[in-house]
Amino acid sequence: MEKIYEVYRDRDSSKVGLYNGILKDSGIHTVVRNWHGSNIVEVPIPEFFPNICVLSKEDYEKSVEILKDYENSDSSGLEAWTCSQCGEIIDGGFSECWSCQASMDEKPEN
Ligand SMILES: [Zn+2]
């Protein structure tokens, strides 16, 4: 049987799904196990939690790094920014000014 490496396991399948998407976006081939089982398990038995696996040690190490980076940037990644064109304060998560549609990294003309 092929050796697999478990990267992440959580009772919360939405979090497992989110992390799986992040890894896939990074080009890592992942295998999610127990995905459907998570909906019917009432008792928190870790063996039945959905979990993300990869097929090589190399991918495992990459995945751990990616998820660590993600968790570290989670709270600070969505800081509000000030539009350089009109001075509005824009919520983090938007890359365009809602007032004048300038993009976040657009430089002032003068
Ligand atoms: Zn603006």
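Which residues make up the largest nonpolar core? In this predicted model, that core consists of V7, Y8, V16, Y19, L23, I28, I52 and V54, 8 residues in all. The chain has 110 residues, of which 13% count as buried. Its secondary structure comes to 2 helices and 5 strands, arranged along the sequence as β-α-β-β-α-β-β.

**Overall organisation**

- Among contacts between residues at least 6 apart in sequence, 44% join residues at least 24 apart.
- Helix α1 spans residues 13–25 and helix α2 spans residues 57–73.
- Strand β2 covers residues 30–33, while β1 covers 5–9 and β3 covers 51–54.

**Nonpolar core**

- In soluble globular proteins, nonpolar side chains tend to be buried together.
- The largest nonpolar core here has 8 residues, and the elements that give two or more residues to this core are β1, α1 and β3.
- The largest share of the core, 3 residues, comes from α1.
- V16, one of the core residues, is in contact with Y8, D10, V32, P50, N51 and I52, leaving aside its neighbours within four places in sequence.
- Among these partners of V16 are Y8 and I52, which are also listed in the core.

**Packing of the two helices**

- Two packed helices are described by the angle between their axes and the distance between the axes.
- For α1 and α2, the angle is about 120 degrees and the axes are 10 Å apart.
- The crossing of α1 past α2 is right-handed.
- On the α1 side, the contact is made by Y19, I22 and L23; on the α2 side, by S63, I66, L67 and Y70.
- By class, the contact of α1 with α2 has 6 nonpolar residues, 1 polar residue and no charged residues.
- Y19 and L23 take part in the contact with α2 and also belong to the largest nonpolar core.

**Strand β2**

- V31 is found in strand β2, and R33 lies in strand β2 as well.
- V31 counts as partly exposed because 15 C-beta neighbours lie inside 10 Å.
- Leaving aside neighbours within four places in sequence, V31 is in contact with I4 and C53.
- V31 and I4 are 27 residues apart in sequence, with their C-alpha atoms 9.0 Å apart in space.
- R33 is partly exposed, because 16 other C-beta atoms lie within 10 Å.
- Leaving aside neighbours within four places in sequence, R33 is in contact with P50, N51 and C53.
- R33 and E6 are 27 residues apart in sequence and 9.7 Å apart in space, C-alpha to C-alpha.

- N34 has a positive phi of about 60 degrees although it is not a glycine.
- The position of N34 is in the loop between β2 and β3.
- N34 is partly exposed, with 15 other C-beta atoms within 10 Å.
- Q101 also has a positive phi, of about 65 degrees, and is not a glycine.
- Q101 is found in the segment after β5, which covers 89–90.
- Q101 counts as exposed, because its C-beta neighbours inside 10 Å number 11.

Terms used: Residues are numbered from 1 along each chain as its sequence is written. This is a predicted model: local features need pLDDT of at least 70, side-chain atom pairs count only at pLDDT 80 or more; totals for chains, interfaces and linings use all residues. Axes are lines fitted to C-alpha atoms, for helices over the stretch in contact, and angles run from 0 to 180 degrees between N-to-C directions. Helices (H or I, at least four residues) and strands (E, at least two) are DSSP runs, numbered from the N terminus. A crossing is left-handed if the near helix is turned anticlockwise from the far one by less than a right angle, and right-handed if clockwise. Two residues are in contact if their C-beta atoms, placed from the backbone, lie within 7 Å. Ala, Val, Leu, Ile, Met, Phe, Trp, Tyr, Cys and Pro count as nonpolar, Asp, Glu, Lys and Arg as charged, and the others, Gly among them, as polar. A nonpolar core is a set of buried Ala, Val, Leu, Ile, Met, Phe, Trp, Tyr and Cys residues joined through C-beta atoms within 7 Å. A residue is buried if 20 or more other C-beta atoms lie within 10 Å of its own, exposed if 12 or fewer, and partly exposed in between; C-beta atoms are placed from the backbone.
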